[in-house]
Amino acid sequence: MNLKLLHRLYAAGVFLVTLVIYWMTVQPSVSFFYFFEFIAGSYYLQVPHPPGTPFFLIIGNIFSKIPFIDNIGLKINLISVFSSALTAFFLYLVAVKLINIFKGKKPETTFDAIATYTAAAIGAFSLAFSDTFWFNGVEAEVYAFSTLLVAAITYLILRWHERADNKDSEKYILAIAYLVGLSTGVHLMSVL
């Protein structure tokens, strides 16, 4: 069996399962807590509470223009749905890389690949369906999008680690710096 294809199928499965379940459980409108300020701020391109979230608001304004959904709250809640599903996807990729680093080699047999990919998928699903992450994944809040950026940065760090001796490995460092800069427009968590 082609192990690269199996790895891609597992990654796509993690993303799609998480996306479908979050889509089924997304908040259909504005919720009770203070998430309405992110929805209104995104729609009108205003500033919510300090320090502000300009990148999140721009993405929210783009999502507010989705033509086939009527409710503005639902449209902007979908940012968290897609962000959380992509976070689970990146966590799966990070877990596979960490397992391979721990073992000292990539999977060579189908059984070894299935064991590695299943363990990584279980880890990704454990995060995706934990209470706190799920709560942030279905409402218009900056934490899901910020976690996506942190997961992407972590993945790029591991990708750079694998290719640090290559000629063009600086592109990963530049991408990491760019994402850290972008993520400050969402939440300061990635700077930590």
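User: Happy to start with Asn136: in which helix is its place?
Analyst: This is a predicted model, where local features need pLDDT of at least 70, side-chain atom pairs count only at pLDDT 80 or more, and totals for chains, interfaces and linings use all residues. Residues are numbered from 1 along each chain as its sequence is written, and side-chain values use heavy atoms, with hydrogens and water left out. Helices are DSSP runs (H or I, at least four residues; strands are E, at least two), numbered from the N terminus. Asn136 lies in residues 131-137, which is helix 6.

User: Is Asn136 buried or exposed?
Analyst: Buried means under 20% relative accessible area, exposed over 50%, and partly exposed in between (1.4 Å probe, protein chains only). Because its relative accessible area is 15%, Asn136 is buried.

User: Which residues is Asn136 in contact with, leaving aside neighbours within four places in sequence?
Analyst: Contact means heavy atoms within 4.5 Å. With those neighbours set aside, the partners of Asn136 are Ser80, Glu141, Tyr143 and Ala144.

User: Nice! Now, which residues does Leu86 touch, not counting those up to four places away in sequence?
Analyst: Leu86 belongs to helix 4 (residues 72-103). Its relative accessibility is 31%, so Leu86 counts as partly exposed. Beyond the excluded sequence neighbours, Leu86 touches Phe15 and Leu148.

User: What separates the C-alpha atoms of Leu86 and Ala151?
Analyst: Along the chain, Leu86 and Ala151 are 65 residues apart.
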